Amino acid sequence: MGRIVVSEFVSLDGVMEDPGGSEGTRNAGWTFRFDRGSDGDRFKLDEVLDAEALLLGRVTYEGFAKAWPAMEDPVGFAAKMNAMPKYVVSNTLTDAKASWHNSTVVRGDAAAEVKALKDAVAGDLLVAGSASLVQTLVEHGLVDEFRLMVFPIVLGSGKRLFGDVSEAPVLALDEVTTVGAGIVILTYHPA
């Protein structure tokens with residue numbers, strides 16, 4: 001049985017929107033104001049190398065599919081991103097394989113389909129971005145671990161990591177690590 005690991009860049013006020021700048025929002029690229037340092041870079045590399053597959057919402061998938069196929073790097077991050085299986089939760093996307101190698105569209109009831117996928121994959125399903133998907137996963141208790149890279153900035157507006165929930169999930173803190181220029185990595189699992 002697999003695990004769903006949600007890994008996000010978030011501001012101090014919980015905004016996760018457009019950390020890389022590809023969406024052109026008011027605060028586009030806000031994470032680039034900070035140096036993650038070698039420990040922060042290593043954390044991101046290790047989690048990708050350790051993941052079995054990516055689990056993404058349509059919007060994040062489309063952004064990644066535009067950028068990643070053309071990327072290369074000496075440490076293997078891009079090679080792993082491009083090679084690993086990618087599952088896109090969407091009822092509107094028709095063909096993911098044409099956009100990015102090794103991609104599959106997951107349709108229907110998102111919670112039920114992700115639960116089945118979690119049962120079928122024997123490793124970590126890594127979720128990045130994908131605000132709506134993350135909120136659905138949280139609502140249905142499907143997240144096994146949260147890895148939040150919290151940047152020392154208050155953005156004031158934008159998509160928030162956590163939306164309305166019918167029942168407030170309680171989380172247990174596993175680890176706290178400080179990297180780079182005041183960035184804190186918080187690792188939680190459901191209590």
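The model is predicted, so to speak of local features we need pLDDT of at least 70, and side-chain atom pairs count only at pLDDT 80 or more, while totals for chains, interfaces and linings use all residues. Residues are numbered from 1 along each chain as its sequence is written, and side-chain values use heavy atoms, with hydrogens and water left out.

Let me start with the helix. Helices (H or I, at least four residues) and strands (E, at least two) are DSSP runs, numbered from the N terminus. Helix α5 covers residues 131-139, and in it Ala131, Leu133, Val134, Leu137 and Val138 are buried. They lie on the same side of α5, because they cover an arc of only 160° around the axis; the arc is that of the directions from the helix axis to the C-beta atoms. Buried means under 20% relative accessible area, exposed over 50%, and partly exposed in between, with a 1.4 Å probe and protein chains only. Among the elements that cover these residues are β1 (3-11), α4 (110-120) and β6 (145-151). After α5 comes glycine 141, with a positive phi near 65°.

Now to β6. How many of its seven residues are buried? Seven of the seven are. In a regular strand the side chains alternate between the two faces of the sheet. In β6, Glu145, Arg147, Met149 and Phe151 are buried on one side, and Phe146, Leu148 and Val150 on the other.

Next, its partners. Two strands pair if DSSP finds at least two bridges between them. β1 and β6 run parallel and are joined by seven bridges; valine 6 has phenylalanine 146 as its bridge partner in β6. With strand β8 (residues 183-190), β6 pairs in the antiparallel sense over five bridges, and methionine 149 has isoleucine 185 as its partner in β8.

Last, the pockets. The largest pocket holds about 1,300 Å³ of space. Its lining has 44 residues, of which Pro19, Gly20, Thr60, Phe64 and Gly129 lie nearest its centre. α2 gives the most to this lining, with eight residues.

The second largest pocket holds about 210 Å³. Which element gives the most to its lining? That is α5, with three residues. The lining has 15 residues in total, and Val138 and Gly141 are among those nearest the centre.

For the terms: on a 1 Å grid over the protein atoms alone, a pocket is an open set of points where a 1.4 Å probe fits, with protein on both sides within 12 Å along at least five of seven lines, and lining residues have an atom within 4 Å of a point.

Conventions. Contact = heavy atoms within 4.5 Å. Points joined across faces, edges and corners; volume = space filled by probe spheres on them.
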